[in-house]
Amino acid sequence: LLRRLNIAQTEMKRIDRIVHNFLRFSRTPKLHLRQLSLNDVARHVFELVSPEARERKVRVQLELTEDLPVINGDEDQLGQAVLNMTVNAFQSMVSGGELIARTQVESSYLCLTLSDTGCGIPEEEVDRIFEFYYTTKDEGTGLGLSIAQRIVYQHGGHIDVESRPGGGTTFRIYLPVAQEENTGETT
């Protein structure tokens, strides 16, 4: 009975994500920006997906650089982008695997790297993965990655992808470091 309840709960979450993705696709929500920690966004998403990770036999690991500068972002929107990419990674690991999230500073950007040990993406498909409705999965809608990319672009960032069939995929999400408030003082 408990196993069936867990399956039902997982499926309800999946359906909820699909409905939310269609709603997000149909309109661009207004961003509610505030200074926030990219590490907190990654931690929150990984806590949220940990039951699904266990069920799929995916080991999730956080390797977060502490004392990162803050970003100006909409926590809900960025969380949705990272969640979409995490779910995509889970779907690529049909027999279990590993998903690692890393954060670091790169010039004037913070970088969140998501690396999975999934099936990888053929070279000829890498350029298409962010297109609306493009999917290679039976259960996919083709909206998750395109919505994630749109959210990151709205935040002044971009996403890089490295993948090879059978060798997993690495997504790098770059978001600009929040500019310090100008107090009018000079040093």
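Two strands count as paired if DSSP finds at least two bridges between them. By that rule, strand E2 (residues 58-63) and strand E4 (residues 97-106) of this predicted model pair in the parallel sense, over six bridges. One of the positions to look at is Val58, whose bridge partner in E4 is Gly97.

E4 also pairs with E5, here in the antiparallel sense and over eight bridges. Within that pairing, Leu99 stands opposite Asp116 of E5. E4 and E5 form a hairpin with two residues between the strands, and in this hairpin Ser107 takes a positive phi near 60°.

These strands belong to a protein chain with five helices and seven strands. In sequence order the elements follow the pattern α-β-α-β-β-α-β-β-α-α-β-β. The chain has 187 residues, and buried ones make up 42% of them. Of the contacts with a separation of 6 or more, 72% are accounted for by residues 24 or more positions apart. The accessible surface comes to about 10,900 Å², with 49% of it belonging to carbon and sulfur atoms.

Next, the interior. In soluble globular proteins, nonpolar side chains tend to be buried together. The largest nonpolar core in this model has 38 residues, and the members that touch the most others are Met85, Leu99, Leu114 and Ile173. Two or more residues each come from helix H2 (38-56), H3, E4, E5, helix H5 (144-154) and E7. Which element gives the largest share of this core? It is H3, with eight residues.

Ile173 shows how such a core member is surrounded. Apart from neighbours within four places in sequence, Ile173 is in contact with Val82, Met85, Leu110, Cys111, Leu112, Leu114, Val152, His158 and Ile159. Two of the residues in that list, Met85 and Leu114, are also named with Ile173 among the members that touch the most others.

Tyr109 and Tyr174 form it, with 6.4 Å centre to centre and 90° between the planes. The arrangement is called edge-to-face because the angle between the planes is over 60 degrees. The pair links distant parts of the chain, since Tyr109 lies in strand E5 (residues 109-116) and Tyr174 in strand E7 (residues 169-176), 65 residues apart. Tyr109 is partly exposed, at a relative accessible area of 26%. Tyr174 counts as buried because its relative accessibility is 10%, and the limit for buried is under 20%.

Ser92 is found in helix H3 (residues 75-92). Is Ser92 buried or exposed? Its relative accessible area is 13%, so Ser92 is buried. The side chain of Ser92 reaches the backbone oxygen of Ala89 at 2.7 Å. Beyond its neighbours within four places in sequence, Ser92 is in contact with Asp116, Gly118 and Cys119. Asp116 is the residue that Leu99 stands opposite in E5.

Glu55, by contrast, lies in helix H2 and counts as partly exposed, at 44% relative accessibility. Not counting residues up to four places away in sequence, Glu55 touches Asn6 and Thr10. Glu55 and Thr10 are 45 residues apart along the chain, and their C-alpha atoms are separated by 9.4 Å.

Notes:
Residues are numbered from 1 along each chain as its sequence is written. This is a predicted model: local features need pLDDT of at least 70, side-chain atom pairs count only at pLDDT 80 or more; totals for chains, interfaces and linings use all residues. Side-chain values use heavy atoms; hydrogens and water are left out. Rings of Phe, Tyr and Trp (its six-membered ring) pair if their centres lie within 6.5 Å; planes under 30 degrees apart count as stacked, over 60 as edge-to-face and the rest as tilted. Helices (H or I, at least four residues) and strands (E, at least two) are DSSP runs, numbered from the N terminus. Buried means under 20% relative accessible area, exposed over 50%, partly exposed in between (1.4 Å probe, protein chains only). A polar contact is a pair of N or O atoms within 3.5 Å; within protein, one must be able to donate a hydrogen and the other to accept it, and residues adjacent in sequence count only if both atoms are side-chain atoms. Contact means heavy atoms within 4.5 Å. A nonpolar core is a set of buried Ala, Val, Leu, Ile, Met, Phe, Trp, Tyr and Cys residues joined through side-chain atoms within 4.5 Å. Accessible areas come from the Shrake-Rupley method with a 1.4 Å probe; for residues, only the protein chains shown count as cover.
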